[in-house]
Amino acid sequence: MPTISSNKPYRVGRSRTGLGLFATKPIKKGDKIIRYFGPILDSKKKDEDEIENKYLFELTNRWTIDGSIRENIARYINHACRPNAESDVRPRKRKVFIRAIKNIEPGDEINYDYGTDYFKAYLKPIGCKCDACEKKRKKKRAEARAERQRLKEKAERKAQRQAEKLANERAKQRVKAKAQKAAPKSNGALNGKHLNGHSLTGKAAKTSKKAAAPKRSGAARALQA
């Protein structure tokens, strides 16, 4: 880790993405924080145009700063989609300064937007880890958890309703069966009628009447004649 003078308003420290640059003193909006520097590469020279690393800072179509050198402390500043600083590019002087666009408090990580091209090439494939993107991911995860919980509770309520419906149907069946079991059963007949009061008809009625009529003696039949 590089040594930084104590009078500088920043330090290199551990960040979510590895190393980052953090404020050690209050930095006011508009203040110049640090210079981004390194060898100037000429794209017209084949050997320089073929240099590839993630610390290249393009000034123009021709000139690029190679910020990979250890002395360039500004290379530790991480990208943020909602940054507290910005790059102040001065192509004619071939210089870049990082300037605060918000008041930065001690302990805050200093960051700036790397630009669309860098974001697509290096950050999008692995997922941006800046605070704004982390908050978005946390919000989406929380919404997904809430949706899963909602669906779970909905399924539980549906299952409970079905269980209650089934329990009610079974209760009705038990009551009906109990009532049928308790009802009196009889197939006998009395005076041509069933015990339940319905008249007998046909052979059943005749048989019932014959069975009910008393047999008369011969004297009774003679007397009647």
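View 1. Aspartate 47 is exposed, with a relative accessible area of 56%; here buried means under 20% relative accessible area, exposed over 50%, and partly exposed in between, with a 1.4 Å probe and protein chains only. The model is predicted, so to speak of local features a pLDDT of at least 70 is needed, side-chain atom pairs count only at pLDDT 80 or more, and totals for chains, interfaces and linings use all residues. Residues are numbered from 1 along each chain as its sequence is written, and side-chain values use heavy atoms, with hydrogens and water left out. You will find aspartate 47 in helix H1 (residues 46-49); helices (H or I, at least four residues) and strands (E, at least two) are DSSP runs, numbered from the N terminus. Together with Asp49, Glu50 and Glu52, Asp47 forms a negative surface patch. Patches are made of residues with over 30% relative accessible area and no salt bridge, with like charges joined within 9 Å and nonpolar side chains (Val, Leu, Ile, Met, Phe, Trp, Tyr) within 5 Å. Lys and Arg count as positive and Asp and Glu as negative, while His and the chain ends are not counted. Each charge is placed at NZ of Lys, CZ of Arg, CG of Asp or CD of Glu, and accessible areas come from the Shrake-Rupley method with a 1.4 Å probe, only the protein chains shown counting as cover for residues.

**View 2. Arginine 145 and a positive surface patch.** Here a patch of positive charge gathers Arg82, Lys102, Lys135, Lys136, Lys138, Lys140, Arg141, Arg145 and Arg148 on the surface. Look for arginine 145 in helix H3 (residues 131-182). Its relative accessible area of 48% makes arginine 145 partly exposed.

**View 3. Strand S9 and its partners.** Strand S9 (residues 95-100) pairs with strand S3 (residues 32-36) in the antiparallel sense, over four bridges; two strands pair if DSSP finds at least two bridges between them. Within this pairing, tyrosine 36 stands opposite valine 96. S9 also runs antiparallel to strand S8 (residues 85-90), joined by six bridges, and arginine 90 has lysine 95 in S9 as its bridge partner.

**View 4. The turn between S8 and S9.** S8 and S9 form a hairpin with four residues between them. Arginine 94 lies in the loop between these strands and has a positive phi of about 55° although it is not a glycine. For context, most residues other than glycine have a negative phi. Arginine 94 counts as partly exposed, at 35% relative accessibility.

**View 5. Salt bridges around aspartate 88.** Asp88, Arg90 and Arg99 are linked in a network of salt bridges, each being a side-chain nitrogen of Lys or Arg within 4 Å of a carboxyl oxygen of Asp or Glu. Aspartate 88 meets arginine 90 at 3.3 Å, N to O, and arginine 99 at 2.9 Å, N to O. Arginine 99 in strand S9 and aspartate 88 in strand S8 are eleven residues apart, and the pair links distant parts of the chain. Arginine 90 is partly exposed, at 29% relative accessibility.

View 6. Arginine 150 forms a salt bridge with glutamate 147, with the closest N and O atoms 2.8 Å apart. The two are separated by about one helical turn, because they lie three residues apart in helix H3. Both count as partly exposed: arginine 150 at 42% relative accessibility and glutamate 147 at 34%.
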